[in-house]
Amino acid sequence: MVEHRDIVIAGGGMVGISLAMHLAHSLPADVSICLIEGFPFPQPEPGHRPAYHPAFDARSTALSYSSRLIYEQIGLWPSLAQYLCPIETIHVSSRGRFGSTLMDTASHSWEALGYVVENAWLGNALIQALYQQGRVEVRSPCKVLAAKTGTDGVRLELAGEQGGELSASLLVVADGAASGLRESLGVAVSEKPYRQQALIANIATAQPHEGRAYERFTSLGPLAMLPLPAVSEARHRSALVWTVSPEEGAELMASSDEEFLSRLQARFGYRLGRLTRVGERHSYPLSLVHCPEQVRQGVVVMGNAAHALHPVAGQGYNLALRDVAELARVLAGAVEEGEGLGDLNVLQRYERLQQADQQRTIEFSDRLPALFMQADPLLGLARDLALSGLDFLPALKREFVNQAAGVAALGE
């Protein structure tokens with residue numbers, strides 16, 4: 001006899017675990033939840049929390065204020081807070097132009113506009129919370145090889161130490177932008193290559209960042225420096241996200257540390273003083289990946305499998321968390337009303353509720369880099385006036401910050 005689970009989440013990354021935790025918090029105890037991940041999770045040790053040591057080269061994620069609210073709802077925020085760096089101000093500028101603006105917390109009752117957290121710590125905290133709550137069944141290492149939908153749910157073929165067959169009322173596909181499971185289900189996806197690369201590295205600076213993030217637009221692509229907590233190797237440390245052409249990306253990846261820092265200094269300027277050290281460099285090609293069909297009977301696609309965005313505004317993960325919160329809310333309502341968790345009308349309700357947020361965020365992330373790369377002098381003047389004008393129009397600036405922080409979508 002094939003075992004049954006009410007909800008199966010295929011993909012145990014940060015989005016998959018966040019969804020599992022949110023569902024465990026929102027749904028009645030008799031709703032069974034199973035999380036399946038192909039890579040082995042560290043085994044839980046009762047009563048022991050593994051030590052974490054921040055490192056200079058750790059890669060990071062920017063969490064918006066909306067993401068803080070979502071993690072607070074399920075009690076995860078206190079465990080994340082230890083290694084967060086608050087973003088207290090954001091300086092936006094355009095290289096070679098006069099337009100700029102400074103966004104801060106003065107017009108909001110927030111402690112910060114956002115937060116930067118090392119991925120290793122975020123993953124560690126999520127996995128430990130997953131094991132501690134004891135509600136979600138975890139199968140790892142295990143992978144969903146194939147899924148077949150039917151009127152009575154989804155039949156799954158699993159591979160790994162806990163392989164075999166499993167049936168589910170609802171399958172959540174959250175296995176990344178190159179989702180093999182999404183492809184096997186025949187779910188359509190559109191991809192728009194940007195013909196750019198994102199170059200990622202941590203940078204040590206002579207001056208402290210004082211909680212300030214920088215978003216600098218250039219004719220060759222945007223460049224962001226995000227504040228990071230101090231580590232033993234560097235008191236002043238920021239996370240670099242540098243959008244470059246494939247040709248420049250190859251040159252920068254092959255260059256010496258001294259040459260790299262010199263070219264970055266010329267592009268970024270001296271807002272943080274001299275750039276003194278660069279850590280491990282990583283690069284990846286940029287594309288907008290969007291799944292127009294995110295739900296069908298018994299299936300919902302989430303995270304990067306549903307939408308992978310340009311990193312210019314750091315919105316991809318934060319949008320995925322808002323999807324997580326909305327799906328959990330809709331499914332909790334469906335249980336109260338006696339509806340099936342995989343019913344198409346239930347999942348379409350979720351899709352309708354998130355459609356505007358997704359469309360707005362995707363368009364913002366897609367259009368913003370192109371806007372600042374246009375060479376037209378009249379358009380350049382309009383951009384400068386728009387950036388400068390935010391400082392003179394407080395209501396417009398508050399709305400812009402609300403959108404950037406994700407709280408507009410939450411109705412805050």
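**View A. A left-handed crossing takes helix 1 past helix 4.** A crossing is left-handed if the near helix is turned anticlockwise from the far one by less than a right angle, and right-handed if clockwise. The model is predicted: local features need pLDDT of at least 70, side-chain atom pairs count only at pLDDT 80 or more, and totals for chains, interfaces and linings use all residues. Residues are numbered from 1 along each chain as its sequence is written, and side-chain values use heavy atoms, with hydrogens and water left out. Helix 1 covers residues 14–26, and its axis comes within 10 Å of that of helix 4, at a crossing angle of roughly 35°. Axes are lines fitted to C-alpha atoms, for helices over the stretch in contact, and angles run from 0 to 180 degrees between N-to-C directions. Helix 1 contributes Met14, Ile17, Ser18, Ala20, Met21 and Ala24 to the contact. Helix 4 contributes Asn119, Leu122, Leu126, Ile127, Ala129, Leu130 and Gln133. Contact means heavy atoms within 4.5 Å. Helices (H or I, at least four residues) and strands (E, at least two) are DSSP runs, numbered from the N terminus.

**View B. Helix 4 runs from residue 119 to residue 133.** Its 15 residues should span 21 Å at 1.5 Å a residue, and the end C-alpha atoms are 21 Å apart, which agrees. The expected span is 1.5 Å times one less than the number of residues. Trp121, Leu122, Gly123, Asn124, Ala125, Leu126, Ile127, Gln128, Ala129 and Leu130 are buried. Buried means under 20% relative accessible area, exposed over 50%, and partly exposed in between (1.4 Å probe, protein chains only). Glycine 134 follows the helix, with a positive phi near 65°.

**View C. Helix 2 passes helix 8 in a left-handed crossing.** Helix 2 spans residues 65–73. The two axes come within 9 Å and cross at roughly 35°. On helix 2 the contact uses Ser66, Ser67, Ile70 and Tyr71. On helix 8 it uses Tyr317, Asn318, Leu321, Arg322 and Ala325. Helix 8 is mostly covered, with 17 of its 21 residues buried. At 1.5 Å a residue helix 8 should span 30 Å; the end C-alpha atoms lie 31 Å apart, which agrees. Glycine 338 follows helix 8, and its phi is positive, near 75°.

**View D. The largest nonpolar core holds 64 residues.** Such a core is a set of buried Ala, Val, Leu, Ile, Met, Phe, Trp, Tyr and Cys residues joined through side-chain atoms within 4.5 Å. Ile7, Ile9, Leu23, Tyr71, Leu130 and Leu331 touch the most other members. Helix 8 (residues 316–336) supplies the largest share, 11 residues. Leaving out residues up to four places away in sequence, isoleucine 7 touches Leu23, Leu27, Val31, Ser32, Ile33, Cys34, Leu170, Val172, Leu331 and Leu341. A second, separate core has 22 residues, including Cys142, Val154, Leu156 and Ala305.

**View E. Alanine 306 and valine 187 sit in loops.** Alanine 306 lies between strand 19 (299–301) and strand 20 (307–308). It counts as buried, at 0% relative accessibility. Beyond its neighbours within four places in sequence, alanine 306 contacts Val289, His290, Cys291, Gln294 and Val301. Valine 187 lies between helix 5 (180–184) and strand 12 (190–205). Valine 187 is buried too, with a relative accessible area of 7%. Not counting residues up to four places away, valine 187 touches Arg182, Cys291, Glu293, Arg296 and Val301.

View F. Proline 141 is in the loop between strand 8 (137–139) and strand 9 (142–150). Arginine 195 belongs to strand 12 and is exposed at 68% relative accessibility. Glutamate 210 lies in the loop between strand 12 and strand 13 (212–218), and is exposed at 64%.

**View G. Mean pLDDT for the protein is 84, and 84% of its residues reach 70 or more.** Residues 372–403 have pLDDT below 50; the stretch makes 57 contacts in the model beyond near neighbours in sequence. Residues 405–412 are also below 50, with 22 such contacts. The pLDDT is the predictor's confidence in each residue, from 0 to 100. Where pLDDT is low, the predicted coordinates should not be read in detail.
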